[in-house]
Amino acid sequence: MNLVVDIGNTSVKMAVFQNNSLLDKRIFSLSDFFKNFQKIKDQFPEIKDCMLSSVVNTISEEKKMLQQSTDLIELTPALSLPFKNKYASPSTLGKDRIALVAAAVAKFPHKNTLVIDAGTCVTFDFKNKKEEYLGGAISPGLEMRFKALHKFTANLPLLKPGDNLQLIGTSTAGSINSGVVNGLLLEIEGTMASYATEYKDLTIILTGGDTQFLSMRLKNSIFANSNFLLEGLNHILEFNKTQ
C-alpha cells in the first residue's frame with residue numbers, strides 16, 4: 001500500500017493507493033500535516049511506501065516523520081522516471097509537470113498525450129507515443145489573470161469567474177469576465193487544435209483546480225481527471241520500487 005504526499009504552496013494533498021487504485025484522498029493546510037498523517041496511518045496501517053513531492057523547502061520535521069514511518073522516496077531531478085525526458089533544462093522542470101507526464105504514461109501508454117493543468121498557472125505538457133516528454137507551455141491561470149487586471153490598472157475591480165458568461169460584455173464586470181474566461185478558453189482550444197494538427201490520434205487530459213469550471217465550457221473532447229497528478233506520483237513510486 002502506497003502513500004503519496006504532494007506539498008504545494010497553498011495546500012497539502014495526501015492519497016492512499018493500493019494496486020494503482022485510489023482509496024483515500026485528503027486536502028489540508030501544511031499546519032495540519034501531522035494530524036492528518038496520523039489519521040491516515042491509523043486508518044491504513046498497511047502503508048509501507050511513500051512518495052513525497054514538495055515545493056516547500058522548510059519541511060524537515062514532516063519529512064522526518066515520513067522517513068520514520070515509511071520507506072520514503074522523494075521526487076528529485078535525479079530520480080528515475082517512466083519516460084524519456086527531452087526537456088532542454090530538466091533540472092528546472094516542475095515536479096507537478098513531471099508527475100502529470102508520468103500519469104499520462106501510465107494511463108495512456110504509447111499514445112500522443114497532451115496534459116493541461118488548469119491551476120495557479122495553466123501548463124501544457126506533451127509526451128509522444130514513444131514515451132518521450134518533449135515539453136509544453138506555461139500560461140497565467142484564471143485567478144492570476146483576474147488579479148493582474150486589478151493590480152496593474154487604476155480602476156478595474158478584482159473579480160472571480162462568473163456563471164453568466166457572455167461574448168459581449170455589457171458592463172465593466174461583464175467585459176472583464178468575457179475577456180478573461182473566453183480568452184483562456186480560446187487559448188486552450190487553440191492550443192489543443194494546434195497539437196491535434198501536428199500529432200494524430202491525440203489524447204487530451206484536463207486536470208487542476210479549475211477543471212470543473214473549464215471543462216463544461218470547452219468544445220473539444222477531453223478527459224477531465226482531478227486526481228491525475230496524484231496518480232502520476234504513485235506511478236513514479238511504483239516505477240522506482242522495481243529499479
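Is Glu-231 buried or exposed? At 16% relative accessibility, Glu-231 counts as buried, because the cut-off for that class is under 20% relative accessible area. Welcome to a short tour of the charged pairs in this predicted model, which holds 13 salt bridges. Side chains of opposite charge can pair when their charged atoms come close. A few of the pairs are picked out below.

**A pair between two helices**
- Glu-231 forms a salt bridge with Lys-107, and their closest N and O atoms are 3.9 Å apart.
- This pair links distant parts of the chain, with Lys-107 in helix α3 (residues 95-107) and Glu-231 in helix α7 (residues 228-241), 124 residues apart.
- Lys-107 is partly exposed, its relative accessible area being 42%, whereas Glu-231 is buried.

- In helix α4 (residues 142-151) you will find both Glu-143 and Lys-147, four residues apart, or about one turn of the helix.
- Glu-143 and Lys-147 form a salt bridge, with 3.1 Å between the closest N and O atoms.
- Glu-143 is exposed at a relative accessible area of 54%, while Lys-147, at 44% relative accessibility, counts as partly exposed.

**A buried pair**
- Asp-24 and Arg-26 form a salt bridge in which the closest N and O atoms lie 3.1 Å apart.
- Both Asp-24 and Arg-26 are buried.

Conventions: Residues are numbered from 1 along each chain as its sequence is written. This is a predicted model: local features need pLDDT of at least 70, side-chain atom pairs count only at pLDDT 80 or more; totals for chains, interfaces and linings use all residues. Side-chain values use heavy atoms; hydrogens and water are left out. A salt bridge is a side-chain nitrogen of Lys or Arg within 4 Å of a carboxyl oxygen of Asp or Glu. Buried means under 20% relative accessible area, exposed over 50%, partly exposed in between (1.4 Å probe, protein chains only).
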